[in-house]
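Hi everyone, and thanks for making time this morning. I'd like to walk you through one model, so let me put it up on the screen.

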Amino acid sequence: DSISAAAPLPPWLKWLESCSSTNTWAIEHLAQLDHGTVVFTRHQTHGRGQNGRVWYSPPGVLTLSVVLDRIPATQLSGFSLIAGLAVIYAIEDLVPGLQNQLRLKWTNDVWLNQRKLAGVLCEGVTSNLSNGTKLVVGIGLNHHADFTSLEISTIRNPASLHEVVPIVPNEILILEKLRHYLLQTAGLLQSSQHSSCFSVLLSAVRDRDALLGKQITIELSGEQISGEAIGIDDRGCLRLRLSDGTIRTFMSGHVTFASV
Ligand code: BTN
């Protein structure tokens with residue numbers, strides 16, 4: 001991996017010409033990376049997605065990881081959603097007029113009008129419980145990506161920012177905004193009020209819940225469970241009402257729509 005010669009770059013930005021995965025790179029260099037460092041590349045060769053999936057990123061997808069220190073271990077479940085909320089706030093700041101078109105699809109997607117605009121992969125390294133967890137928040141954001149080619153048509157239902165804005169915001173500006181909102185979130189969760197801040201953030205997440213009231217199927221360890229999504233609980237878990245009326249709560253799993 002090499003650092004791009006293009007300058008000047010902000011001190012918090014590690015711009016890599018190419019790398020296998022910005023998350024992998026950040027985890028490998030974690031000891032040297034400060035709180036708020038953003039690792040970015042335009043060319044990620046072996047991106048990783050949730051649940052061990054491969055994350056393929058054609059040109060025009062922004063791939064980055066943000067390093068956050070001292071996130072309380074108790075708040076890690078639900079953090080992908082909260083990070084997704086930061087992605088929404090960043091985009092809404094830069095692209096006015098998108099209000100309510102951006103939603104969160106549990107556990108880790110940002111949707112633009114029912115299509116996937118961004119995915120989040122949070123990976124943590126816990127040093128000790130009092131220091132909390134050092135988190136790497138990986139984000140893949142479709143900026144000006146063309147998904148029409150055959151090779152990448154396997155990506156399900158993607159959206160790209162350039163479809164809704166005539167001139168897409170500059171990459172560095174987007175990185176700056178994403179960093180700003182993630183640092184703000186981390187600041188709230190590091191404060192002495194972290195439990196109530198977590199609840200407030202999760203209630204903002206609920207306002208953006210794309211699944212609420214929808215018939216969905218959750219796939220978890222090879223099992224498929226269908227029902228109605230009835231909301232996100234106070235830990236960030238998804239609640240599902242099954243056809244017999246029982247309610248099940250999921251901490252992880254992959255959601256598709258029951259009819260698909
Ligand atoms: C998902 O939707 O499954 C999550 C996708 C996360 C992709 C990003 S791209 C930057 C960072 N590096 C990775 O290898 N993955 C994340």
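Let's start at the ligand: the residues of the shell around it divide into 5 nonpolar, 12 polar and 3 charged. Before going on, please keep in mind that this is a predicted model. The predictor gives the complex an ipTM of 0.99 and a pTM of 0.93. For the protein chain, the mean pLDDT is 90, with 92% of the residues at 70 or more.

Back to the ligand, then. Which residues come nearest to it? Out of the 20 residues around the ligand, those are Ser 21, Gly 49, Gly 119, Gly 138 and Gly 140. As for the elements behind this shell, at least two residues each are supplied by helix 1 (22-28), strand 3 (47-48), strand 5 (61-71), strand 8 (115-128) and strand 9 (132-142).

While we are at strand 5, have a look at Arg 70, which has its place in that strand. Arg 70 is not a glycine, and yet its phi is positive, at about 55°. There is another backbone detail at Trp 106 and Thr 107: a cis peptide bond joins them, with omega at about 5°. You will find Thr 107 in the loop between strand 6 (102-105) and strand 7 (109-112).

Now let's zoom out to the domains. The assignment for the protein chain gives domain 1, running over 13-207, and domain 2, running over 215-257. Taken over C-alpha atoms, their centres are separated by 23 Å.

Let me go through some of the pairs. Strand 10 (residues 215-220) and strand 11 (residues 223-232) run antiparallel and are joined by 6 bridges. In this pair, Gln 215 stands opposite Glu 228 of strand 11. The hairpin of strand 10 and strand 11 has 2 residues between the strands, and in it Ser 221 takes a positive phi near 50°.

Moving along, strand 11 is joined to strand 12 by 4 bridges, again in the antiparallel sense. Gly 231 has Arg 239 in strand 12 as its bridge partner. Their hairpin has 5 residues between the strands, and here Gly 236 takes a positive phi near 95°.

Finally, strand 12 (residues 238-241) pairs with strand 13 over 4 bridges, antiparallel as well. On that side, Arg 241 has Ile 247 of strand 13 as its bridge partner.

Technical notes
Residues numbered from 1 in each chain as written. Predicted model: local features only at pLDDT ≥ 70, side-chain atom pairs only at ≥ 80, totals over all residues. Pairing = 2+ DSSP bridges. pLDDT = per-residue confidence, 0-100. Near = placed C-beta within 6 Å. Nonpolar A, V, L, I, M, F, W, Y, C, P; charged D, E, K, R; others polar. Domains from an automatic or database assignment.
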